[in-house]
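Please consult the sequence and the structure shown below.

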Amino acid sequence: MFKLNKLNRALLAATLTLSAGYASAAAFQLVEVSTSGLGRAYAGDAAIAENASVVAVNPALMTQFKRAEISVGGTYIRPDVNLNGKINSVTVANPQTGAPITMPSSADASHNKIAKGGVIPNLYYIQPINDRFAVGGGINVNYGLATEFDANYSAGVFAGKTDLTTINFNLSGAYRLNQHWSFGLGLNAVYADALVERHLGVLGDVSGAPRSTVAARLEGKEWGYGWNAGFVYKFNERNRIGVAYHSHVDVDFKGDFSNQLPAPRGTAGAVIPGSLTLNLPAYWEVSGYHRLTNKLAASYSYKWTRWSRFQELDARGSNGNQLFHKNEKFKDSARIALGLSYDANEKLTLRTGIAYDESPVQEGYYSISIPDADRTWLSLGATYRFTPDLSVDIGYAYLIASDNTFTETENGVSATFTSKSKANVYGLALNYRF
């Protein structure tokens, strides 16, 4: 009743969950590049030069540093993503005629706590060369996290176990043209490690196989490459505006595919090669920073992500045959943020921020593998300076996503879901100036 190419479709639809997990930003993007930024919901990131984390956003800001500086830290995302759902129908092939037969179903497809928490580390260093030129480097995680459903989950064809980690390695340089203009340029190498697994679920019921039978499993580790650039215009010591651009990155996964289905309809555990290109989007950000008084400063950002280049997934076997094709039809999305910083005294700076993050998923293309929705950020944070050269950042954000109801159809199974999502994000970082 099941054909290998059908099961490859289930797997490679799941490969979209390379975008899976409860990412903090829209779709499967992570914005946790610094803890100081977390405290103001990342408002003003392309214009604020608080610590060495500027390497990850706008390298032009490195010209604002007079001494070498290192920043090391991380954020912990604790998501709470729950699904209410039911199977509407299951379509199978008539064993005698091969004609499709649709059977109604009322199987429960609800699942709680589908997204796992995770720590997102980062490390940055800036080295001024002279009063005009600076270099720097950084390591951060820019896409990923994970979702995991029970092996016996009834809607296993839609979602199972997915783990993705992308680590971005950046080297940058910056040049200050004059007292107003600075420019920066960086190169990025992205390492991606992915595991995607799907089970038969309710299809096992109608075929006589256990629901936990592995219908598809794909593992892969690959590199992708890109670049970034930015500029800063400094009106005076109290006012700056910055623009940053990050290019798209294509990750060409060449992984190992297998399932537990008997040959010739399955691989019976044997591994076969498969490939798929994941198109990570380009994005740009415009930010401003303005010191309103000697103690109070305001910041803001508008970030635009070109998700529209992510229109489809197309997977191929080693002989070039098409294993899977799925239209995704993502749209470009925006994120807006507003933040405030207050210097309580020489040692303590307090921060707060609010942001609105727009989902790129269009109506008719939602999936439980990406339980995505528009979300709002509410953030708090602080920096405490032990000495003029040593400081610690702490930050917290509460994310609230809009409830979302949609119907998903895959591999002959139709189900309706309502997703409810929220998350707590905690950050800690240590900064040292040499």
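What is the relative accessibility of R67, and how does R67 count on that basis? At 35% relative accessibility, R67 counts as partly exposed. The model is predicted, and a search of the whole structure finds 14 salt bridges. Several of them are described here by topic.

**The pair D389 and R67**
- R67 forms a salt bridge with D389, and the closest N and O atoms of the pair are 3.2 Å apart.
- This pair links distant parts of the chain, its members lying 322 residues apart.
- R67 is in the loop between α2 (35–39) and β1 (69–93), whereas D389 is in the loop between β18 (375–385) and β19 (390–401).
- D389 has a relative accessibility of 24% and therefore counts as partly exposed.

**The pair E69 and R433**
- E69 and R433 form a salt bridge in which the closest N and O atoms are 3.5 Å apart.
- Distant parts of the chain are linked by this pair: E69 belongs to strand β1 and R433 to strand β21 (residues 413–433), 364 residues apart.
- E69 counts as buried because its relative accessibility is 3%, under the 20% cut-off.
- R433, with a relative accessible area of 31%, is partly exposed.

**The pair R375 and D372**
- The salt bridge between R375 and D372 has its closest N and O atoms 2.3 Å apart.
- Both R375 and D372 are buried.

Definitions and conventions
Residues numbered from 1 in each chain as written. Predicted model: local features only at pLDDT ≥ 70, side-chain atom pairs only at ≥ 80, totals over all residues. Heavy atoms only, no water. Salt bridge = Lys/Arg side-chain N within 4 Å of Asp/Glu carboxyl O. Helix = DSSP H or I, 4+ residues; strand = E, 2+ residues; numbered from the N terminus. Buried < 20%, exposed > 50% of the residue type's maximum accessible area, 1.4 Å probe, protein only.
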